Each structure stands twice: as structure tokens, then as C-alpha cells.
Amino acid sequence: MRDAVAQLLSTPRSGSARFAVALLASLVSTGLSALVEPWVGGHFFVVPLAGVVLSALYGGVGAGLMTTVLNIAGFVLLPYSPVAGTRPPLEEDFGRALIFLLVAVLLSGIGAALRDSYRRNEQARLEAEHARSEVELTSAARWAADEARRVADTRVIDVLERMSDASFTLDADWRFLYVNREGERVMGFARESLVGRRLWDVFPKLVGSPFEDAYRRAVETQQPVEFVEFYPPFQAFFEVRAFPVRDGLSVFFRDVTEQRRAQQALQESEARFRSLVLAIAQVVWTTNAEGFTKEDSATWRAFTGQTHEQMTGHGWLQAVHPDDREQAASVWKEALARRGLYEVEYRLRRPDGTYTPVLARAAPVVNADGSVHEWMGTNTDITARKQAEAQLRRYAERLEALHAIDRAILQAVSMEDVARTALCFLRRLIGCEEASLLITGPGEEISRWTVSAEDPEAVRPEHPRSAGDAPPREFPHGLELPLTLGGGRQAALRLGSTREGTFDELAAQMAQEVAAQVAIALEQGRMRRELELHAGGLEEQVATRTAELQEANAQLEAFSYSVSHDLRAPLRGIDGFLRLVEEDVAGALSERGRGYLGRVRAAAGRMGQLIDDLLKLSRLSRTPLERGDVDVSAVAASVVDELRAREPTRGVEVSLEPGLRARADSRLLRVAFENLLGNAWKFTGRRKTGHIQVGRLDGAFFVRDDGAGFDMAYRDKLFAPFQRLHDAAEYPGTGIGLATVQRIVRRHGGRLWTEAAVDQGATFYFTLGESP
Amino acid sequence: MNPRYGTILLVEDNADDVDLSLIAFERAGLSAQVVVARDGVEALDYLFGTGSHAGRDVREQPRVVLLDLNLPKVSGQEVLQRMRADARTREVPVVVLTSSLEERDLRESYRNFANSYVRKPVSFEEFIEVTRQLGVYWTTLNRAMAQGEVV
């Protein structure tokens with residue numbers, strides 16, 4: 001309300017506004033008076049008066065008066081208005097109007113005065129206020145400047161906080177003023193614990209270090225310093241920039257240990273690479289992209305003795321052996337064209353004029369765009385390798401030679417073969433003019449084989465009578481190796497050369513090996529000959545023995561033949577003529593005399609029988625054995641039938657096991673049964689009824705009788721020819737029967753044995769050399 | 001001698017055997033003439049009219065030849081071979097009369113076309129019997145080729 005009043009009073013106003021307000025106040029107050037008339041009665045002044053006052057306050061006296069006039073006019077006219085008029089104006093109203101007029105004028109004057117007073121008051125206040133604002137304006141400007149600086153500082157600090165470098169600021173007394181976040185991290189201290197403390201107290205190790213020197217120098221010279229230094233307590237390298245600032249020092253630093261390490265590693269790797277190249281290659285060189293040598297190579301100069309000028313361009317080729325130059329140049333050219341690896345072997349002249357075999361290699365160093373920047377090459381001394389290769393070749397040749405000699409030994413038909421192979425190989429391997437092999441036999445005969453350079457594949461055999469005869473060619477250099485031989489022989493391998501150094505260690509070794517091989521070969525040859533001799537002797541012996549045996553057989557044959565022919569003839573004479581004598585002189589002879597004659601004739605007859613039996617026995621051995629399937633039972637039965645036919649009166653019971661079979665010579669088996677059954681028949685002669693049994697027991701055939709038997713003590717004699725255990729008068733026989741059986745059984749590979757007892761019969765068992 | 005019974009050629013080197021044989025022939029009552037040859041050569045001479053028998057009429061050949069194998073000079077087998085190889089003696093019967101019973105002798109004899117093989121027994125009685133039978137058989141029973149009866 002007060003503000004509204006103030007507003008009302010203070011607002012500057014135009015005349016029309018004042019007039020409009022006065023009019024408005026009049027209309028409102030008149031209207032209101034008319035409306036509230038019933039409730040206020042005769043006191044309707046109250047409302048219009050308020051309007052007057054307000055109008056005066058707003059527009060001054062004039063406005064107040066205008067409102068007053070208008071209100072009076074309203075009072076006069078209003079009762080006649082159809083709207084509000086309730087009654088016609090009374091005379092008294094004029095009085096009222098007059099009073100009102102007076103009051104209103106008064107109030108307008110008061111209002112105007114009030115208004116003016118207010119306005120002056122306000123004016124004064126405004127002036128005072130202006131003065132005060134003047135003052136206030138000055139202090140605000142200063143505040144604004146401070147604010148701006150504060151904002152700027154904040155930004156710097158913000159930057160410092162965000163930057164990747166560590167940073168701190170020191171005051172003139174080396175005390176920490178500020179530490180950024182990275183600084184906190186790197187130094188390992190919170191800034192609260194650092195600010196205010198002296199640098200040297202926090203990091204005492206800095207004292208006397210290059211860091212301190214640099215900081216002090218920066219402060220003294222007022223010039224920034226920059227350096228990289230290793231700080232041992234942190235085991236790290238720091239790149240440091242220190243800027244002197246007013247009353248202090250600003251330091252920025254970062255940990256560059258990783259970069260330093262990488263750099264160091266790179267340097268080490270380069271150094272290592274350099275040593276490696278130089279360890280492999282004795283010479284390292286570079287050329288430009290076109291292959292021209294420009295850059296100096298100390299190693300090339302040292303190796304070849306060329307000057308820098310001499311090696312420039314293609315001058316290096318002059319150090320290459322003339323024979324290798326062309327190839328080296330063409331390979332180099334080809335590599336340049338191909339922009340590929342260059343690799344060639346050649347001989348390089350050394351400062352002393354000798355040549356060293358080297359392996360030259362080079363490769364292009366390529367730019368980022370793929371063009372050749374330069375060529376980098378090396379030369380490696382390959383003397384050792386070349387020597388090793390040569391040695392390997394010699395070893396291979398030697399091995400081949402030894403194999404060849406081995407083969408030759410296996411195939412060799414003569415000593416000359418061995419000598420040729422060994423000498424040819426050895427001469428070629430060692431590279432000497434002549435190689436010879438000298439052998440002195442036990443009989444002092446000398447053989448010498450020589451292979452010489454003139455005809456390298458031919459061996460020249462010589463047989464000098466003595467060592468002095470046909471002496472070998474003399475050579476300035478020679479090697480002689482004695483060979484160890486058996487059989488009283490001596491041998492030597494002799495090599496001759498016109499060149500010195502032909503017989504080095506390897507040569508001597510090879511010669512030794514070949515000598516050993518030759519010795520073996522010669523020994524084998526000798527043994528082979530002896531063996532052949534031996535084998536020949538054996539064959540001869542066998543042939544002789546066979547011939548002797550055949551002779552003996554033939555003689556035996558002739559003997560038995562003549563026996564069969566001639567031995568019996570005299571017997572016939574004896575018998576015949578005795579018979580004639582008997583006839584002629586029978587009457588003149590006494591009984592005894594006739595008896596004698598009879599005995600002579602009987603003896604002759606027995607002798608004839610003996611001869612016949614002997615021949616039979618001999619024939620058994622001479623005829624071949626022919627095995628077949630034999631019905632043994634049938635053979636035995638047939639023999640028994642013959643025996644019965646010869647002596648039908650004999651009482652003999654024969655039991656034959658039927659179905660006996662064997663793989664045997666049927667003729668011989670029959671002879672065996674003739675003898676065995678004949679014996680059984682004969683020796684059962686004293687029995688009233690003899691018993692003969694033929695059968696098989698445990699795979700052996702047997703013939704059993706219950707005849708005279710015999711004493712087993714004599715069984716050894718039983719099977720020998722002409723051995724008899726019984727009296728011939730009692731049991732006639734020549735004693736050849738069992739010998740015959742024995743021979744037949746043996747020829748079949750079988751066995752014959754017997755069981756017997758005197759007067760209790762005998763059993764003869766036999767097998768026929770095959771499983772039953 | 002009665003030529004009807006012809007001749008027997010006895011080839012035998014053993015004098016005992018010759019005598020015994022002759023006695024045997026005599027006892028057997030053979031009327032044939034017996035000619036004795038003491039070895040192979042003599043036998044061949046007789047057969048072919050050569051040597052000591054040169055001029056003999058070889059058209060007349062013995063009714064039988066009793067041939068021993070074991071003979072001096074020329075063996076009995078050879079005599080047999082020569083006889084069989086010659087047309088004049090090819091058909092003359094030959095009886096091998098020997099002591100041997102060797103298989104080899106038997107085989108060779110038959111291979112050489114001997115007509116018979118007889119072994120001489122040791123016993124005199126048997127010998128007489130064998131000889132008699134032989135003489136009778138070959139000189140009377142056996143019919144030889146016609147030449148024996150010529151003239």
C-alpha cells in the first residue's frame with residue numbers, strides 16, 4: 001500500500017493523464033456515492049471526497065478541483081437521472097454542495113501540498129541514492145577484476161591438473177606451493193603433505209644431484225632449463241623442464257624410462273646386429289641403389305688392401321681373382337636387375353697377394369615406397385668350408401676306393417687283379433706318379449706289379465730274379481709300407497712321386513688302409529688256393545677210395561662168381577670119382593673102408609651145401625631191396641606148406657596169425673621165413689607133436705617153437721655165419737640160416753632178437769624198419 | 001658112331017668134368033658122337049672149321065652144344081654170341097651147363113639165346129642123371145633144324 005502510494009506520488013505525469021485521472025476519480029466517486037446512498041444516507045460526501053484527495057495527490061490542486069466540480073455536478077444532476085434518481089434535488093443539496101465544495105477545495109490543497117512535499121522528499125532521496133550508487137559502482141569494478149583473475153587461476157590449475165606431465169611450483173624458499181595431480185602420483189605424496197614443505201626436505205636425495213644443480217641454475221640465471229636425468233630412488237629417467245617464475249620455480253617433468261629403455265634396446269640391438277654381421281662376415285660394405293660403391297668400407301680395405309679410391313664404383317672387382325671376376329660381375333649385375341639376393345663365391349686377393357675364397361652376399365635395402373635405397377653386402381671367409389669340402393671329397397674318394405678294393409678282393413681271380421685295383425685307385429687318390437706292389441714268396445721268387453702315370457689303368461707285372469735285378473724307378477719322394485703276410489711271404493707297397501708334399505698325413509693314412517686291404521686280399525687269395533688244393537686233394541682221395549671200394553666190390557663179385565663156378569667143380573670130381581672107386585673096388589674094400597669113402601662123399605656134399613649157402617648169403621647183400629605190400633601171413637603159410645610137403649609125416653601143429661602185413665621185400669621176407677620156420681621145423685623134430693606159432697607182438701613179428709631151444713648164454717654167437725649150437729648129426733645145417741635172417745632184417749632197417757631156453761623152445765622176434 | 005644121332009659138342013675145360021660127363025653119356029647109352037672142346041677157341045674152331053679143325057665140313061653141326069661158361073681164352077658167353085651171330089650156327093641148340101647159379105649168368109645166357117640152362121650137381125648120381133636126360137632129350141627127342149640129318 002505504501003509502495004502503491006509511493007508509486008502514485010512519484011510517478012511523473014502528464015497533464016492529460018492528470019486530467020484523465022481526475023475525470024476517472026470523479027466518475028467513480030460519483031457512481032459509488034450514488035450506489036452507496038441507501039447505506040450512507042446523508043453522508044455521501046465521504047466517497048467523493050476520497051476521490052478528490054486521490055485526484056489531488058495524483059494531479060495536484062487543479063486535478064482536485066476538477067474532481068470536486070465534477071462531483072458537485074454529479075450530485076446536482078444525478079437525482080434526475082433515470083438510473084439512480086430516486087428523488088429530485090432538494091434545496092438542502094445546494095447547501096451540502098457548497099460545504100462539500102469548501103471541504104473539497106481544502107482537501108485538494110492539502111493533497112497537492114502533500115504531493116509536492118512527497119515529490120521533494122523523493123527528489124532528495126534520489127539524489128542521495130545516486131551518490132551512494134556512485135560509491136557502490138567503484139567497488140564492484142574491483143570485485144569484478146578479482147573475480148576474473150580468480151577464474152583465470154582456476155583454469156590454469158584445471159589445465160595443470162589435467163595435463164599428463166607432473167608439475168609443481170616452488171616459492172623462493174623452495175617450498176611447495178602447488179603440486180598437480182600427476183605430480184602427486186609420480187612423487188607419491190598427497191599435495192596437502194607437500195605444500196609448505198621444502199623440496200630438499202621432502203626429497204633429500206635431490207641434494208647434490210644434477211636436479212638440484214639445474215634448479216638452482218634456473219633460478220639464478222632466470223632462464224628455463226631442460227634436461228633428462230635418472231633419479232635413483234624412483235629407478236626412473238625423468239625429462240624435466242623448469243621455468244623460473246616470480247619468486248619461485250615451476251617444474252614440469254615426466255617419466256621417460258620406457259622410451260629410454262626402448263631406445264637403449266634399439267641401440268643394443270643395433271650393436272648386437274653389427275657384431276653378428278662382423279662375426280659371420282669379415283667384410284661389410286654398402287653400395288648405392290645402382291650398385292656403385294661410394295661409401296667407404298674399412299673392413300673391405302683391411303681385407304683386400306685396396307684404398308677407398310680403388311674400391312669405388314666397380315673398382316672392387318679388381319680385388320677379385322681374374323678367373324672369378326667375370327662371374328662375380330655377372331651375378332652382381334643380375335642381382336641388381338632382379339633386385340634380389342646376391343650370392344656368389346669368389347677368391348679375393350689379400351694384401352699379401354694370396355687369394356682367399358669368400359662368399360659374397362648382398363641384399364637391397366628398400367625405401368618405404370619400395371624403391372631400392374642402397375645395397376648392403378658382406379664377404380665371408382669360406383676357406384675352412386672349402387677345405388672341409390675338399391677333405392670330404394677326398395674321404396668319399398677314399399671310401400670309394402676301399403669299397404672298390406673290397407669288391408675286387410671278392411671278385412679277384414688272381415693276385416694281379418687285386419694288385420691292379422688297389423694300385424690304380426691308390427695312385428689316383430694320392431696323385432703320385434707310380435705305385436707298385438712287391439711280393440717275395442717263400443721260394444725267394446719275386447713278383448712286382450706297377451701302375452704308373454703313363455698308363456693309369458694298366459698294371460705292369462715283372463718277375464725279377466732278385467731284388468737287385470730290374471731295380472724300380474727312383475723318385476725324389478716316396479712312401480713304402482710293409483705288408484704283413486702269412487705263409488713265409490713278404491710284401492711291400494711302394495709309392496713314388498716327383499712332387500713334394502704328395503705324401504701328407506691323409507695320403508699316408510689312405511696308403512696304410514689300402515695296404516691293409518691288399519694284405520687281407522693276398523692272404524685270402526693264398527688261403528683260397530690252399531683250400532682249393534685241399535679240396536682237390538679231398539676229391540682225389542674220395543675218388544681213389546671210391547675206386548678202391550669199387551675194385552674191392554668187383555673183386556668180391558669176381559670171387560663169389562668164381563666160388564660159384566670153380567669151388568663146386570672139384571667137389572663134383574671128388575664125389576664122382578669116389579663113386580667110381582666104390583663101384584670098381586667095392587668088393588675089395590672092408591666095411592670100414594667103404595664107410596670112409598661114404599664119409600668123404602658126405603663131406604664133399606656138405607661142402608657143396610656150404611658153398612651154396614654162402615653164395616646165397618652173399619647174394620642177399622648184393623641184390624637191391626624192393627619194398628612192397630606183403631601179405632606176411634600168406635608168405636609164412638606157403639613156407640609151412642613147402643615144409644609139410646617135404647616131410648609129410650612130421651607131426652607139427654602150426655598156428656598162423658591171419659592178416660599180417662608189412663612193407664617189405666617179399667623175396668627176402670620169404671627167405672627169412674624159410675630159415676626161421678625151417679629152423680623151428682627142424683628143432684621140433686624130437687617132439688612127438690611140435691608146435692610152431694607165427695604172429696605179431698608189440699609191432700614185432702615172431703616165430704615161436706617148442707623145440708630144442710638153446711642156452712641164452714650163447715645168443716651172441718647165434719647170428720654169426722657158420723655158428724652152430726647143435727650137433728650137426730642131430731640137427732643138420734650149415735649155420736648160415738640165422739645169419740641170413742639177420743642180414744635180411746638189417747637190410748630192412750629192422751632188428752632181430754630171440755628168447756629161448758634149452759628144451760623149452762625158442763622165439764625169434766624181428767621188425768622190418770617201419771612202424772606197424 | 002651112328003650119324004643118325006649126330007654129334008654132341010661138349011665145351012668143358014675141367015678134365016674131371018669131361019671124364020665124368022663122358023662116363024655119364026656112356027652109362028646113359030647114348031649113341032651120339034661126343035666131341036670135346038677144352039676151351040672157347042677150340043669150340044669155335046670146331047664149329048667154324050678153323051684152326052685145329054680146319055677143313056672140317058661145317059655144314060655138319062652138332063645136335064647140341066653143352067657149353068660151360070667159365071672157359072679159358074674165349075668165355076662161354078662169347079662162344080654163344082659168336083654162334084648166334086653166324087648163320088651156320090645160329091640154329092644149333094646150346095645148353096649152358098655150369099656150376100653157377102648166379103642170376104647174372106642166367107640172364108646173360110638167355111639174352112644170348114641159349115636154349116637151356118642146367119646146373120651141374122655136385123653129387124655124382126645126380127650128375128649122371130642130369131647128363132643122361134640131356135643127352136637123351138637133345139639127341140633123340142628134340143628135333144633140330146634139318147641140317148643135322150643131311151647126308
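In the predicted model, the side chains of Glu125(B) and Arg579(A) meet in a salt bridge, with an N to O distance of 2.3 Å; a salt bridge is defined as a side-chain nitrogen of Lys or Arg within 4 Å of a carboxyl oxygen of Asp or Glu. Between chain B and chain A, the count is five salt bridges. Helix H1 (15–28), H4 and helix H5 (124–141) of chain B each contribute at least two residues to the side that touches chain A, helices being DSSP runs (H or I, at least four residues) and strands likewise (E, at least two), numbered from the N terminus. H1(B) provides the largest share of that side, six residues.

The interface brings 24 residues of chain B into contact with 22 residues of chain A (heavy atoms within 4.5 Å). About 2,100 Å² is buried between the two chains, 48% of it on carbon and sulfur atoms; this is the accessible area (1.4 Å probe) lost on putting the two parts together, summed over both. In chain B, Asn70(B), Glu102(B) and Val122(B) lose the most area to chain A, together 29% of what that side buries.

Within chain B, helix H3 (residues 76–85) has as its buried residues Gly76(B), Gln77(B), Val79(B), Leu80(B), Met83(B) and Arg84(B) (under 20% relative accessible area, 1.4 Å probe, protein chains only). Viewed down the axis of H3(B), these residues fall within an arc of 160 degrees and so line one face of the helix, the arc being that of the directions from the helix axis to the C-beta atoms. Their cover includes helix H2 (40–48), strand S3 (64–67), strand S4 (94–98) and helix H4 (103–111) of chain B.

Residues are numbered from 1 along each chain as its sequence is written, and chains are lettered from A and ligands numbered from 1 in the order in which they are written. For this predicted model, local features need pLDDT of at least 70 and side-chain atom pairs count only at pLDDT 80 or more, whereas totals for chains, interfaces and linings use all residues; side-chain values use heavy atoms, with hydrogens and water left out.

Methods
Buried < 20%, exposed > 50% of the residue type's maximum accessible area, 1.4 Å probe, protein only.
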